[in-house]
Amino acid sequence: AARPGAALVVASGATAVGLLGLVTASHGVLGLVTLVGLGVATGALPPLAQTEILRRAGTVHRDLASALIPVVFNGGIAVGAAGASVVVGHTGVGALPVPAAAVAFVATIGLLMVTRSSAA
């Protein structure tokens, strides 16, 4: 709670790792552990993102940020679903974890850059 930006970077990175883990952990205990870890990491993303967005918005822009959060989240869901449908249409469902992990990894790098530059 004291450092939502850092926790957001960790959760985003854990999401990328968990998505890559889906490629190899399709059965047994390893698959279950991967799914649980991915669930925890992805479940942490929305509240951490909201906290960081509102913190960065400050009191002056908090209302606008609050209104834009669901718009941006739903837009991301729509774009992700559209991209996933293209991947599934061309290569099948089994190919989804790798591009999804790449998106999460790029997001992690972006978040890391933003949180580091604001900490300096």
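Analyst: A crossing of two helices is called left-handed if the near helix is turned anticlockwise from the far one by less than a right angle, and right-handed if the turn is clockwise. With this convention in hand, the pair formed by helix 2 and helix 3 can be described: helix 2 passes helix 3 in a right-handed crossing. The model is a predicted one.

Two packed helices are described by the angle between their axes and by the distance between those axes. Here the pair consists of helix 2, which covers residues 28-57, and helix 3, which covers residues 62-91. The angle between them is about 145°, and their axes lie 9 Å apart.

Which residues make the contact? On the side of helix 2 they are Pro-46, Ala-49, Gln-50, Ile-53, Leu-54 and Ala-57. Helix 3 contributes Arg-62, Ala-65, Ser-66, Ile-69 and Phe-73. Sorted by class, the residues of this contact comprise eight nonpolar, two polar and one charged.

The surroundings of the pair come next. The chain holds four helices and zero strands, and its elements follow the order α-α-α-α from the N terminus on. Along its principal axes, the C-alpha trace spans about 50 × 30 × 20 Å. Among the contacts in the chain with a separation of 6 or more, 66% join residues 24 or more positions apart. Of the 120 residues in the chain, 23% count as buried.

Both helices of the pair also take part in the largest pocket. The elements that give two or more residues to its lining are helix 1 (4-24), helix 2, helix 3 and helix 4 (97-119). Helix 3 gives the most, with 13 residues. The lining has 34 residues in total, and those nearest the centre of the pocket are Leu-45, Gly-76, Ile-77, Val-103 and Ala-107. By class, the lining is made up of 24 nonpolar, eight polar and two charged residues. The space in this pocket comes to about 1100 Å³.

Val-40 belongs to helix 2. Its relative accessibility is 58%, and Val-40 is therefore classed as exposed, since the cut-off is over 50%. The C-alpha atom of Val-40 is separated by 12 Å from that of Leu-19, which is 21 residues away along the chain.

Is Thr-108 buried or exposed? This residue lies in helix 4, and Thr-108 counts as buried because its relative accessibility is 11%, whereas the limit for burial is under 20%. Apart from neighbours within four places in sequence, Thr-108 is in contact with Val-9, Ser-12 and Gly-13.

Ile-109 is also placed in helix 4. With a relative accessible area of 34%, Ile-109 is partly exposed. The C-alpha atoms of Ile-109 and Leu-68 are separated by 23 Å, and the two residues are 41 residues apart along the chain.

To return to the part requested, the packing of helix 2 with helix 3 is a right-handed crossing, with an angle of about 145° and axes 9 Å apart.

Technical notes: Residues are numbered from 1 along each chain as its sequence is written. This is a predicted model: local features need pLDDT of at least 70, side-chain atom pairs count only at pLDDT 80 or more; totals for chains, interfaces and linings use all residues. Side-chain values use heavy atoms; hydrogens and water are left out. Axes are lines fitted to C-alpha atoms, for helices over the stretch in contact, and angles run from 0 to 180 degrees between N-to-C directions. Contact means heavy atoms within 4.5 Å. Ala, Val, Leu, Ile, Met, Phe, Trp, Tyr, Cys and Pro count as nonpolar, Asp, Glu, Lys and Arg as charged, and the others, Gly among them, as polar. On a 1 Å grid over the protein atoms alone, a cavity is a set of points where a 1.4 Å probe fits but cannot get out, and a pocket is an open set with protein on both sides within 12 Å along at least five of seven lines; lining residues have an atom within 4 Å of a point. Grid points are joined across faces, edges and corners, and a volume is the space filled by probe spheres set on the points. Buried means under 20% relative accessible area, exposed over 50%, partly exposed in between (1.4 Å probe, protein chains only).
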